[in-house]
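User: I am new to this structure and would like a guided tour. Please start with a term we will need.

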Amino acid sequence: MSRAFTPGRVVLHGLLLVLSALTVFPLLWIVTAAFTPQDLIAAKSMRFWPESPTLANFTEAARRQPIWAWLWNSILTSALITLGKLLLSLPAGYAFARMRFAGRDAAFWIIVATMSFPAVLAIIPTYIGVVKLQMFDTYSAMIVPMIPYVGFYVFYFRQSFLQLPASMFEAARIDGAGVWRQFTQIALPNVMGAIAALSVISFMGAWNIYLWGQLVLDDAGKKTLTTGIALFADLDAAETPWGALMATGLLSILPVLGVFLLAQRYIVEALAPGLGEK
Amino acid sequence: MVKDSITTTKDPPMTQFSRRAILATGAAAFATSFLPGRARASDVRLTVSSIWGADKPFQKVVDAFNAKGLGVQVENRFDGDYEAATAKALAGIAAGKAPDLMVTGWKFGYFARRTLGARDLRQIDEARAAAIMENFRPSLVPLVTIDQALIGLPWAMSTPITFINSQLWAEAGLSPDLPENPDTDWLYDAGRKLDAALKGHATYRSALALSNNEWTSQSFIQNAGGFIIDPEGRLALESDAARAGMEAFCAPAHEGLWLPVSGKEQDAAFEAGALAICTTSSTRAVSFPQGPAKAITAKFPGLAGHARNMNSGGNFLAVYTQEAERAQAALSFLEFCASKEGQMIWSEVGYLNTSTHEIPLINAFMAPAEAQLQDGLSAETIWPGKRGLEGQGIWRNWVTRMLTKEVSVAEGLKQASAELALVLAD
Amino acid sequence: MQPGMMKRLVPWLFVGPAVLSVIIFLYGPMIASLVLSVLDWNLLSPEIGFAGADHYEAVLARRDFRQAAWNTVLYCVILIPAQIILPLIFALMIHGLRGSRMAVIYRSALFLPTIVAYSVAGVAWSWLLNPVNGLFNEVLSAFGWPRSRWHTDPDLAILAVSMVTFWKSFGLNMLLWLAALATVPQSLIEAARLDGAGRLRMFFDLTLPLISPTAFFIAVTTLFSVLDDIVGVVDVLTGGGPAGSSTNLLYYLWQQGLGYFQFGQASAVAMMMIAAVLLVTWAQFALVERKVHYE
């Protein structure tokens with residue numbers, strides 16, 4: 001598709017270039033600090049390029065803290081939270097879209113009303129529960145309470161399933177497919193784009209869980225990247241290891257960035273139908 | 001029971017996996033905390049919740065103790081700052097997984113004893129406790145005695161001193177001979193001279209920072225002859241002395257010599273050569289003089305015409321385990337920490353030598369802090385009551401309001417006093 | 001099992017886990033908060049006392065609570081419109097360049113902050129905004145403008161936190177808007193253009209109605225997600241300060257509950273928030289149910 005070279009488009013490019021630069025700019029400090037030797041970092045408040053670039057900050061970070069374990073923990077907890085959300089919300093979204101049953105509307109609103117529930121509101125009782133059930137400092141405590149925030153997911157998958165033509169399921173039913181097979185073999189394969197989009201969004205969200213992780217993960221080896229980073233800044237912060245801290249910060253960004261860049265097309269393409277009208 | 005079925009999930013396979021991953025990276029410091037060299041199966045294993053990571057001198061103390069093979073193995077668990085570590089301890093205690101030992105800030109003394117249940121060392125073993133305390137200067141015993149209980153080792157003490165960027169100081173033409181007992185008149189005047197001399201300087205941006213926290217403001221009030229909480233335990237903020245102290249504390253901020261920011265930002269600005277003078281914990285003597293600021297040190301400023309009465313701060317090492325055998329093992333660790341060998345390693349942190357041992361200063365920049373210790377140091381404010389933790393936050397907020405001129409000093413002290421009274425009475 | 005029974009059971013096998021987990025983990029804590037708010041208890045108290053309305057009274061009398069409540073209102077006034085409208089404008093701009101390779105780059109760049117951890121973002125911003133020698137002030141003074149205290153100025157702290165929060169979280173809404181814009185049939189736009197409709201007219205008369213479900217969705221989720229997002233930023237950038245000037249009710253609750261272990265007062269705050277959340281959510285759905293139809 002070729003497009004005319006118009007003044008309007010030039011202006012748009014200009015504006016977006018500026019906007020993108022402004023948005024990315026604060027991250028520049030993270031990147032340059034990650035590759036600048038520790039003793040040079042504090043000497044300037046801003047640099048645009050690392051002086052005598054080095055990878056020493058990464059090895060220093062690994063020496064001080066189990067950052068590779070954190071990386072693995074982040075991947076693990078984010079994947080399990082995402083999986084949990086899909087397991088809860090896909091069947092529910094399907095049933096709300098394609099089944100008629102008593103109490104359906106009530107159940108739907110019970111779930112969807114939580115879409116706007118700020119997680120911090122539930123934090124104290126959940127924390128007490130975790131402590132009382134002896135789950136403090138376990139992965140379960142980090143993962144399980146974060147899964148039920150599925151209001152958006154149920155709402156969205158219901159929309160996606162509603163858009164599949166009824167005839168598709170009719171044909172399968174005539175072929176003798178039961179409810180479960182209709183769900184797994186007809187419905188799911190046809191909303192893969194939507195599943196991919198929400199998986200990525202969920203993964204990114206779980207990756208960045210901060211307050212809750214700070215609270216329930218204790219052992220340094222159990223932390224995730226985003227919660228562990230705080231360990232670099234200790235109390236007598238006589239010498240904050242800025243380099244190691246930013247190297248780890250960069251490490252925490254790269255995997256999600258990769259996932260996002262690979263999946264962003266799906267997200268944009270698949271998100272819309274789920275929110276759009278039938 | 002529910003409890004049993006759930007505890008089995010406590011250590012899922014992934015923990016193992018992550019540990020293997022850690023070992024594979026060869027993170028030696030970390031690995032040692034899991035694989036102590038001379039550990040035996042019969043050893044008592046203790047966890048100490050601390051505010052220092054595996055790369056700090058505290059870890060060296062722990063490692064040296066473990067290497068002795070006394071039948072006790074200690075694992076250092078870094079739990080964040082005082083507040084975070086306290087929160088973790090509370091959760092751990094409630095979950096029945098109290099840390100055996102914990103590092104707690106002086107300021108949380110009452111909280112540690114009354115809410116968290118720090119053990120009275122003398123109650124664990126009268127003789128051993130007495131022998132341990134023999135290693136410390138007698139004047140420090142009251143600092144770790146809360147409600148008549150001896151709740152910890154008074155081994156980590158610092159005091160605020162003055163750090164000066166030597167290069168900016170020289171560029172402004174100021175004399176490198178710093179007074180032995182500087183006062184605010186001298187310090188603020190130097191600030192004004194710096195500001196006048198270094199206009200348009202490449203890095204210099206601000207003359208001084210006194211640290212916007214509850215600690216240095218207390219120094220000012222005491223140096224003016226007052227108290228935040230007097231020796232009888234009463235709030236003493238509505239006094240002329242407190243007012244004079246806070247007026248002097250706020251003066252450079254009101255004059256524009258000082259931009260009050262958080263501790264981290266203040267340190268960053270000082271290291272970058274943007275800030276010429278900062279008063280902060282003597283523990284910075286380990287880093288500031290060696291950093292790009294090439295800091296030189298002096299005592300904390302006193303107030304002209306008043307006797308100095310400097311305060312200290314820091315933390316103590318307390319025992320929390322309720323089991324007799326573990327508590328005895330914890331005393332073994334405390335004995336080592338109190339010994340000359342332990343104290344030698346420990347001194348690298350940059351705390352004052354609170355022991356009776358002959359420990360050389362780690363560097364000359366510690367000298368003003370040591371001199372303040374010789375002058376005599378009072379304790380930092382130990383906030384009483386069940387809600388003492390909130391007291392500190394409230395006082396800090398009012399200090400900020402006075403600094404930023406949101407309220408006048410007189411009004412700020414009055415309102416702080418009223419708000420604190422409510423919380424501390426509870 | 002009888003077929004009739006089976007038939008009734010099957011849908012609940014599908015929706016049951018979701019309904020149950022939402023009730024246990026989201027509605028459960030609401031009820032627990034109600035209970036905690038009338039008790040005198042923290043995890044370690046030897047006995048549980050009954051406090052009645054004491055915690056509510058105590059909280060309402062506190063200066064810092066009133067400050068946090070007022071700040072919450074300010075944050076909402078600043079951030080909710082910003083988080084809805086600005087991402088839409090960005091999306092429209094990017095949408096205007098669809099097909100261009102650069103559009104993908106702009107989209108990625110603008111989304112980037114969304115994936116940065118709070119703790120990392122906090123460090124980067126505290127360097128940039130450092131009142132003494134941060135880059136923001138260096139640039140301002142290079143242009144001869146006055147330097148500012150940013151997040152350490154009680155009068156500006158809310159704006160600074162809002163700015164960082166916006167930076168940190170506008171990406172998702174922008175993606176949602178982009179996704180919605182992609183569904184608007186090009187033929188309709190072309191037809192309207194040939195009819196001589198202006199750009200603004202076309203947007204309000206044609207595009208906006210077509211993407212109204214997304215608009216509704218964004219409105220609902222943004223309303224409260226901003227509050228959650230702010231808590232993360234406040235925690236890493238200002239700690240609620242200076243002197244409580246940048247705190248809000250959620251952060252206040254977090255501090256009272258998990259910093260000071262005042263579960264009773266924190267839960268009283270939670271109950272007031274929950275009441276507000278439920279009320280606003282109900283109002284939103286009631287208002288919009290008539291306007292947007294999903295089926």
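Analyst: A salt bridge is a side-chain nitrogen of Lys or Arg within 4 Å of a carboxyl oxygen of Asp or Glu. This is a predicted model, in which local features need pLDDT of at least 70 and side-chain atom pairs pLDDT 80 or more, while totals for chains, interfaces and linings use all residues. Residues are numbered from 1 along each chain as written, chains are lettered from A and ligands numbered from 1 in written order, and side-chain values use heavy atoms, without hydrogens or water.

User: How many salt bridges are counted between chain A and chain C?

Analyst: Over all chains, the rule gives 28 salt bridges. For the pair formed by chain A and chain C, the count is zero.

User: What is the area buried between chain A and chain C?

Analyst: Contact (heavy atoms within 4.5 Å) involves 95 residues from chain A and 92 residues from chain C. Buried area is the accessible area, with a 1.4 Å probe, that two parts lose on being put together, summed over both. Carbon and sulfur atoms give 80% of the area between these two chains, and the total is about 8500 Å².

User: Which helix gives the most to the side of chain A that touches chain C?

Analyst: Helices (DSSP H or I, at least four residues) and strands (E, at least two) are numbered from the N terminus. Chain A has 14 helices and zero strands, and its C-alpha trace spans about 70 × 65 × 30 Å along the principal axes. With 18 residues, the helix giving the most to the side facing chain C covers residues 242-275 and is α14 of chain A.

User: How many helices and strands does chain C have?

Analyst: Along the principal axes, the C-alpha atoms of chain C fill a box of roughly 80 × 75 × 30 Å. The tally for chain C is 12 helices and two strands.

User: Which residue forms a salt bridge with E214(B)?

Analyst: E214(B) lies in helix α11 (residues 214-223) of chain B and its partner in the loop between β3 (101-105) and α6 (109-115), so the pair ties together parts that are 107 residues apart in sequence. The closest N and O atoms are 3.7 Å apart, and the partner is K107(B).

User: Are α11(B) and α17(B) roughly parallel or roughly perpendicular to each other?

Analyst: On the α11(B) side we find E214(B), S217(B) and I221(B), which meet Q392(B), W395(B), R396(B) and V399(B) of α17(B). The axes come within 9 Å and cross at roughly 70°, where axes are lines fitted to C-alpha atoms over the stretch in contact and angles run from 0 to 180 degrees between N-to-C directions. Under 35 degrees counts as roughly parallel, over 145 as roughly antiparallel, 65 to 115 as roughly perpendicular and the rest as oblique. The two helices are therefore roughly perpendicular.

User: At what angle do α12(B) and α17(B) pack?

Analyst: Helix α12 (residues 240-255) and helix α17 (residues 388-403) of chain B have axes 9 Å apart. Their contact is made by M246(B), F249(B), C250(B), A253(B) and H254(B) of α12(B) with W395(B), V399(B), M402(B) and L403(B) of α17(B). The pair is oblique, and the packing angle is about 50°.
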